[in-house]
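Dear colleague,

I am handing over the structure below, together with some notes on what was found in it. Please read the notes with the structure open beside them.

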Amino acid sequence: MKVTVRKFDAVIVGAGGAGLRAAIQLSEAGLKTAVLTKVFPTRSHTVAAQGGIAASLGNSEEDHWHWHMYDTVKGSDWLGDQDAIEFMCKKANEVVIELEHYGMPFDRLDNGRIYQRPFGGHMSNFGEKPVRRSCAAADRTGHAMLHAMYQRNIKVNTQFFIEWLALDLIRDAAGDVLGVIAMEMETGELVAFHAKATILATGGAGRIYYSSTNAFINTGDGLGMAARAGLPLEDMEFWQFHPTGVAGAGVLITEGVRGEGGILRNSLGERFMERYAPNAKDLASRDVVSRAMVTEINEGRGCGPNKDYVLLDITHLPPETIMKRLPGIHEIAVQFAGVDALREPIPVVPTCHYQMGGIPTNFKGQVVVPGKRSQNEIVPGLYAAGECACASVHGANRLGTNSLLDLLVFGKSAGEAAVAELQQSPKAHKELPADAFAPTLARLNRLNTQKDGASVHETQLAMQRTMQKHAGVFRFADLLKEGVQKILEVQQDVARTEIKDKSQVFNTARVEALELDNLIEVAVATMVSAEARKESRGAHVRDDAPDTPERPDGRDDVNWLKHSLWFKAIGTEMSRLEYKSVTLRPLTVDTIALKKRAY
């Protein structure tokens with residue numbers, strides 16, 4: 001196969017919130033920037049974000065970035081790196097105001113300032129009471145954000161390559177990243193995007209689970225590329241299950257519904273969250289609410305003919321409030337649950353929503369890996385931002401609306417770091433290695449020639465069902481151990497998948513097979529890392545690590561206050577898990593001390 005080479009100063013893989021924000025920095029600096037995306041930029045999965053962007057603007061009541069930082073560290077169950085969390089919370093107001101200046105149509109208060117709503121885990125005065133911190137555009141915040149930043153990119157002449165699938169990173173013998181190999185999805189044309197800076201902003205990989213709020217495009221492409229290039233994946237055992245996905249459909253019902261006054265009820269009509277989080281109630285942290293819902297269902301207080309969901313009730317809210325603040329949710333309830341939310345509660349269940357782990361980076365967006373001299377050696381030429389990256393600001397559990405903030409802050413910082421690197425030491429493109437394309441061509445050749453292989457669809461389904469059963473909201477030692485064996489068997493099937501109809505139009509079958517190559521890396525990393533972590537922390541709750549006075553919430557800070565790093569097996573190297581310390585030293589403020597996490 002022929003591979004064409006095109007040269008750019010920078011290539012960004014992904015055109016969601018993080019990719020578009022990074023592209024603005026690079027293009028405004030006059031750098032020749034290419035953005036590769038599988039879908040039109042305004043259809044990236046950021047479009048599904050509903051609730052808002054966290055920032056301590058204090059437009060409705062007193063707020064402070066110190067309080068936001070405290071909530072984020074506490075929400076992360078102390079696994080978040082406090083230097084990165086401080087950086088994000090201090091930058092929040094700045095990036096939100098920048099977005100406003102790009103034309104973001106935020107909802108407004110009567111005085112013209114940005115409207116802010118309460119959200120789960122957002123508290124004032126270090127956990128005292130809920131605070132209004134989420135900057136919202138009705139329940140379509142991500143949609144509005146993508147449009148504002150895409151228009152800004154058009155203004156500064158960013159070059160978009162739409163419906164292109166990035167396949168692999170290009171690295172030389174020194175370990176420098178020199179760009180990516182990508183395929184135009186319609187024609188199958190292969191192009192090497194030879195760049196001085198490469199930024200991965202490919203989003204999450206929620207499609208490893210059978211029930212997920214994630215779009216079908218969320219296949220962990222950046223993580224698969226990083227793993228195949230010999231880079232580790234950090235904290236992959238931590239997956240957030242959003243409390244409110246539409247029962248039977250998985251479609252997201254934003255936490256903003258509860259922020260506006262929605263109440264979770266069981267089959268007895270009880271507001272059951274008062275038992276689990278007496279202060280925050282329905283606005284406790286997402287992992288707390290998800291486990292409470294599953295507990296209610298498991299104890300027989302679920303709703304419906306199979307008693308397998310609970311109800312989200314907003315019928316007590318004024319209809320004008322619902323149609324002004326939550327119009328999209330009303331529409332989703334009608335289309336996917338068959339209920340009119342003005343008159344009936346919405347059936348909801350916890351659904352896989354967000355990966356806390358990813359490609360390890362520092363708060364500048366530079367990819368960092370364990371080296372001979374330190375835990376955090378920078379990979380030259382490579383940056384990552386957004387859900388595919390792990391800075392780590394979310395630790396073991398992410399607070400709602402910190403996701404869009406993460407995209408803005410670290411998309412910008414990755415762009416700034418790349419601009420600084422390219423402008424401070426201008427240099428020509430490094431020469432591509434002679435065998436730069438060999439692994440990619442071998443993978444494509446296998447798909448083209450494989451006979452009597454495994455079905456892509458059936459193998460992906462086996463992966464998703466294995467993950468759903470063995471690594472869900474609650475985790476059990478025997479299921480995790482069995483899950484490792486089963487997911488490794490699925491991995492063997494992925495290695496021999498066959499495209500049944502090799503003449504299929506638009507390369508759809510080929511694209512799905514290549515995406516499965518990425519998904520399985522994430523699934524294996526998740527299952528192996530989860531089985532190895534012998535504690536409960538944040539979204540990772542094991543039955544054999546219960547809450548005791550010595551181990552609050554089942555946490556073991558003595559042995560497990562550390563990040564996991566999973567390395568893929570490459571050549572003669574076996575796959576392995578390593579660990580690194582959590583950064584408990586913030587940049588300027590005092591360390592937030594460990595304690596039991598209660599709401």
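**Notes on the predicted model**

N279 lies in the loop that runs between α7 (273-276) and α8 (286-298). Please keep in mind throughout that this is a predicted model. With a relative accessibility of 55%, N279 counts as exposed, because the cut-off for that class is over 50%. The C-alpha atom of N279 is separated by 5.7 Å from that of Y599, although the two residues are 320 residues apart along the chain.

Turning to the helices, α12 (residues 438-449) consists of 12 residues and reaches 16 Å from its first C-alpha to its last, which is close to the 16 Å expected at 1.5 Å a residue. Within α12, the buried residues include T440, R443, L444, R446 and L447. These residues are placed on the same side of α12, because the arc that they cover around the axis is only 155°. As background, an α-helix has 3.6 residues a turn, so residues three or four places apart point the same way.

A further point concerns a pair of helices, α5 (residues 221-228) and α15 (residues 508-532), whose axes come within 8 Å and cross at roughly 75°. Because angles of 65 to 115 degrees count as roughly perpendicular, α5 is described as roughly perpendicular to α15. On the α5 side, the contact is made by D221, L223, G224, M225, A227 and R228, while α15 contributes E515, D517, N518, E521 and V522. Sorted by class, the contact of α5 with α15 holds four nonpolar, two polar and five charged residues.

Definitions and conventions. Residues are numbered from 1 along each chain as its sequence is written. This is a predicted model: local features need pLDDT of at least 70, side-chain atom pairs count only at pLDDT 80 or more; totals for chains, interfaces and linings use all residues. Side-chain values use heavy atoms; hydrogens and water are left out. Axes are lines fitted to C-alpha atoms, for helices over the stretch in contact, and angles run from 0 to 180 degrees between N-to-C directions. Helices (H or I, at least four residues) and strands (E, at least two) are DSSP runs, numbered from the N terminus. Angles under 35 degrees count as roughly parallel, over 145 as roughly antiparallel, 65 to 115 as roughly perpendicular and the rest as oblique. Contact means heavy atoms within 4.5 Å. Ala, Val, Leu, Ile, Met, Phe, Trp, Tyr, Cys and Pro count as nonpolar, Asp, Glu, Lys and Arg as charged, and the others, Gly among them, as polar. The expected span of a helix is 1.5 Å times one less than its number of residues. Buried means under 20% relative accessible area, exposed over 50%, partly exposed in between (1.4 Å probe, protein chains only). The arc is that of the directions from the helix axis to the C-beta atoms.
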